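Me: I am new to this structure and would like to know how its descriptions are reached. Please set each value against its definition.

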Amino acid sequence: MAERKQKDIWLEHFQPGYDLVLKNPIFAPLLRHVHVNTNDAAIRETQDFARCVSSRTIRVNRSKRLMPEEWAYVLAHCLMHYALWHFEEKDEKNSYIRADPVKWNVACDMYVTRFLGEVKLFTPPVFVNAEFPFPPLSEEELYRRLMPLELDESHRGFSTGAGYTDMETVSKRDYYYGTRNHKRDFARIFEQALTDAVSAAVSVAAGYAESIDDTSFKKISPAERARRWFVNCYPLLGALAASFKIVEDPGVCMREEIAVAAVSESLSTIFFNPGRGLTEDEYRFVMAHELLHVGLRHQSRCQGRDPYLWNVACDYVINGWLVEMGVGAIPSFETLFDNSFKGMSAEQVYDVIVTDIRRFRKLATLRGVGLSDILGEGEVRFYKAPIDLDEFYRRALNDGLEYHKASRGLLPSGLEEEIRALYRAPIPWDVELARWFDRFFAPLEKRRTYARLSRRQASTPDIVRPRTVPATDALDGRTFGVVIDTSGSMGRYMLAVALGAVAGYADSRDVPYARVVFCDAAAYDAGYMPTDAIMGGVRVKGRGGTILQPGIDFLERAEDFPKDGPILIITDAECDNFTVKREHAIMIPKGRRLPFRPKGEVFAFE
């Protein structure tokens with residue numbers, strides 16, 4: 001039969017008291033940063049209940065018997081010595097100011113006893129003296145009052161020790177732990193603990209928590225309440241709001257120059273400046289604003305535009321939608337809102353505001369004047385997300401749209417169209433280019449001919465087979481012009497990708513020749529080139545500046561070029577303004593943007 005384990009009566013009383021302190025929002029953070037030694041043999045030979053050492057250790061006497069609430073009081077008393085760091089014996093000038101450490105200990109004990117009595121936490125043991133010989137004073141003032149006096153029975157009973165002292169300073173090195181200062185660290189911990197305790201008390205009064213030591217309590221800031229409102233009550237942005245973190249740190253906002261708010265889609269974080277003093281409805285408006293920036297993929301849609309002016313254009317569109325939908329309240333300070341832009345997309349608004357750059361550059365986004373509230377990867381620490389954030393944000397907004405329409409009704413048509421357009425997979429640039437060719441070069445009717453035998457003739461030479469070829473007269477005038485930017489900024493890889501795509505589609509649509517003009521600072525006519533010659537490679541001339549207008553004018557005036565022949569312009573977008581009077585299209589690298597508003601189609605190749 002197994003031997004019966006003997007009960008530890010002392011631990012059955014001490015452990016519940018320890019747990020009470022661990023659940024208290026004021027003392028729990030302090031308790032986690034000290035070591036409680038319950039197996040100290042030296043303290044058992046004394047009459048002390050507990051002593052606190054400057055090496056962040058509380059020595060507890062196992063030979064003493066107290067109830068759990070009383071042990072909690074003893075531990076809280078010792079923790080207050082650390083919170084106020086009563087072990088420090090030097091002032092700022094590094095001179096000794098406490099000639100009598102015993103009286104300093106008594107002054108500290110009196111101050112701690114008064115504090116615990118005022119907050120009414122835990123039950124003081126019977127040995128604690130509740131009668132104070134002095135009015136409420138600081139530790140330093142109490143110490144000065146005690147200095148000329150002799151300690152007597154009226155000064156006993158404030159300590160957790162048997163006599164007048166319950167603090168031990170081991171050595172000077174205890175003040176520092178590596179590069180960490182104990183006094184500074186415990187002051188910071190205690191300050192935060194008091195703040196959380198006050199918040200917990202307010203939470204109890206508001207019904208968010210059942211008691212001040214409720215471990216499930218979490219401080220709910222106005223921004224967090226706004227986020228919860230979207231998750232619970234606004235399906236359109238609920239999924240997006242649930243996936244974002246909220247940062248309300250004045251230091252971070254000062255470093256990142258955030259006046260009101262900003263969003264980082266790569267970090268899935270929205271930054272709020274708590275010093276701006278927004279109301280709860282304004283927090284909802286601002287949060288919806290930042291979430292729509294991400295959900296509508298405004299950062300990736302910039303496509304070579306001026307980032308700040310693009311941000312301003314997006315703000316006008318978003319704010320117009322939010323006012324129309326009645327989401328929260330538009331902030332009382334000046335916000336980018338103009339009814340004249342109603343019904344316009346961000347791209348259309350951008351084309352309007354670039355005509356008056358000086359005026360619109362003076363306007364402020366939610367981050368500030370001249371600063372974009374869409375934080376780029378270079379502005380905050382970037383990490384590689386484990387999922388495709390672009391696909392996630394698109395899907396979250398599209399799913400939110402479906403739930404929103406089912407439960408809350410209609411939305412602005414422009415917003416709904418953008419969400420649905422973004423959710424659909426974008427058409428690849430080469431497919432768009434193929435459609436452009438189809439507009440001008442319809443499939444030709446094939447005819448049989450024996451002029452050139454089919455390749456299958458070699459396997460069966462006794463059987464004569466025809467092959468199908470386009471009608472010779474149908475190929476007349478079936479051509480197009482190509483103006484190629486050969487300036488120094490146009491990379492060889494860009495040229496190879498663009499020319500390969502053009503040659504491949506031209507050959508597949510039975511276009512035998514293309515009129516090629518190379519252009520840098522002047523035009524160089526390469527004449528009509530077979531499509532297979534373009535695909536195989538061309539000898540590029542030029543590599544000087546970038547002026548494309550001479551090459552376009554040359555093609556439009558050429559007598560041997562069809563009057564209705566389309567023109568395809570290939571450039572890296574670092575060029576001058578040019579005009580084309582006939583049907584045309586422009587190919588530029590993805591992520592670039594022309595310095596003017598084009599009239600023809602633009603294909604962004606990768």
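**Helix contacts and a pocket**

Reply: In α12, Leu309, Trp310, Val312, Ala313, Cys314, Tyr316 and Val317 meet Ala346, Glu347, Val349, Tyr350 and Ile353 of α13. Contact here means heavy atoms within 4.5 Å. The model is predicted, so local features need pLDDT of at least 70 and side-chain atom pairs pLDDT 80 or more, while totals for chains, interfaces and linings use all residues. Residues are numbered from 1 along each chain as its sequence is written, and side-chain values use heavy atoms, leaving out hydrogens and water.

Me: What makes α12 and α13 oblique to each other?

Reply: Their packing angle is about 125°, with the axes 8 Å apart. Angles under 35 degrees count as roughly parallel, over 145 as roughly antiparallel, 65 to 115 as roughly perpendicular and the rest as oblique. α12 and α13 are therefore oblique. The axes are lines fitted to C-alpha atoms, for helices over the stretch in contact, and angles run from 0 to 180 degrees between N-to-C directions.

Me: How do the residues of the contact of α12 with α13 divide by class?

Reply: They divide into eleven nonpolar, no polar and one charged. Ala, Val, Leu, Ile, Met, Phe, Trp, Tyr, Cys and Pro count as nonpolar, Asp, Glu, Lys and Arg as charged, and the others, Gly among them, as polar.

Me: Why is α9 called roughly perpendicular to α11?

Reply: The axes of helix α9 (residues 235-242) and helix α11 (residues 280-295) cross at roughly 80° and come within 10 Å. That angle makes α9 roughly perpendicular to α11. Leu237, Leu240 and Ala241 of α9 make the contact with Ala288, Leu291, Leu292 and Gly295 of α11. By class, this contact has six nonpolar, one polar and no charged residues.

Me: What makes α1 oblique to α4?

Reply: Helix α1 (residues 9-23) and helix α4 (residues 68-83) have axes that cross at roughly 55° and come within 7 Å. That makes α1 oblique to α4.

Me: Which elements give two or more residues to the lining of the second largest pocket?

Reply: About 360 Å³ of space lies in the second largest pocket. The closest to its centre of the 20 lining residues are Trp321, Glu324, Lys342, Gly343 and Met344. The elements that give two or more residues to the lining are α12 (307-325) and α16 (413-423). The largest share, six residues, comes from α12. The lining has eight nonpolar, seven polar and five charged residues.

Me: What makes it a pocket?

Reply: On a 1 Å grid over the protein atoms alone, a pocket is an open set of points where a 1.4 Å probe fits, with protein on both sides within 12 Å along at least five of seven lines; lining residues have an atom within 4 Å of a point.

Note on methods: Helices (H or I, at least four residues) and strands (E, at least two) are DSSP runs, numbered from the N terminus. Grid points are joined across faces, edges and corners, and a volume is the space filled by probe spheres set on the points.
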